[in-house]
Amino acid sequence: SSMALAARLVRWQPPHLCGRLMRRGLTAGIYLRFASFASMASAWHVITTTDSVDASTKIKEGIVSSKIADQVTEENIRSFYWWEGKVQDDPEIRLSFDASDKEKAVSTVTASHNYDVPMIIYPEATPTGYVMGVLANATPEVAEKLVSSRLVACAQLSGASLAIKTTQEASASVNAVALEASGAAPSWQPIGGNDAYLKWVREEVKLPHEQVAKPHGS
């Protein structure tokens with residue numbers, strides 16, 4: 001069935017969210033993906049992250065009471081992101097569930113979320129300018145290196161699976177850093193999402209030519 005196709009969790013994110021960014025005025029993460037491109041209209045895999053058990057419970061209660069899903073999967077992850085001139089590493093709780101109504105799922109999670117502007121992203125069949133990468137056999141050191149490169153906005157580690165959010169333009173450079181750090185490149189998928197989060201990704205990601213050091217004394 002289409003819901004069975006949704007069972008495989010894309011390990012990244014979710015949300016994609018990156019730590020306590022919303023408490024600092026930035027964004028959190030809800031991640032959406034289709035069960036498969038063959039069944040896009042029937043099942044979405046929705047993922048969100050939060051920073052406390054109380055917040056997680058409230059979000060789960062909102063999901064179940066709204067009848068958009070009767071089961072929510074919960075797991076602990078580590079979110080890496082750049083803040084105040086260095087890499088931050090925060091624990092988070094990732095929630096995921098399958099829903100047939102994307103819009104209702106997003107509005108329900110947003111209404112019960114403790115972050116001001118939860119991020120919403122979802123896979124696209126064609127390029128959008130934004131991508132999510134999944135890197136297997138990753139370590140915290142790999143996540144830190146990718147974030148410190150400023151080529152990714154956020155990296156979230158679940159076990160040894162690392163989910164990366166960045167721009168299409170930066171993905172080739174991310175591949176090079178990932179290959180050097182881990183011996184492998186991420187698997188990429190185009191994503192769409194809410195304007196606030198995509199704007200944050202665009203602002204956080206620094207392409208190599210944007211990182212050129214200024215001449216001494218300038």
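**Salt bridges and confidence**

Me: Why does Glu75 count as buried?
Reply: Glu75 has a relative accessibility of 16%, and buried means under 20% relative accessible area, with exposed over 50% and partly exposed in between (1.4 Å probe, protein chains only), so Glu75 counts as buried.

Me: What kind of model do these values come from?
Reply: This is a predicted model, in which local features need pLDDT of at least 70 and side-chain atom pairs count only at pLDDT 80 or more, while totals for chains, interfaces and linings use all residues. Residues are numbered from 1 along each chain as its sequence is written, and side-chain values use heavy atoms, with hydrogens and water left out.

Me: What makes the contact between Arg94 and Glu75 a salt bridge?
Reply: The closest N and O atoms of Arg94 and Glu75 are 3.0 Å apart, and a salt bridge is a side-chain nitrogen of Lys or Arg within 4 Å of a carboxyl oxygen of Asp or Glu, so the pair qualifies. Arg94 lies in strand E4 (residues 86–99) and Glu75 in strand E3 (residues 73–83), so the pair ties together parts that are 19 residues apart in sequence; helices (H or I, at least four residues) and strands (E, at least two) are DSSP runs, numbered from the N terminus. Arg94, at 0% relative accessibility, also counts as buried.

Me: Where is confidence in the protein lowest, and where is it highest?
Reply: In terms of pLDDT, the predictor's confidence in each residue from 0 to 100, the lowest mean is 36, in helix H1 (residues 2–5), and the highest is 97, in helix H4 (residues 140–148). The mean for the protein is 80, and 78% of its residues reach 70 or more.
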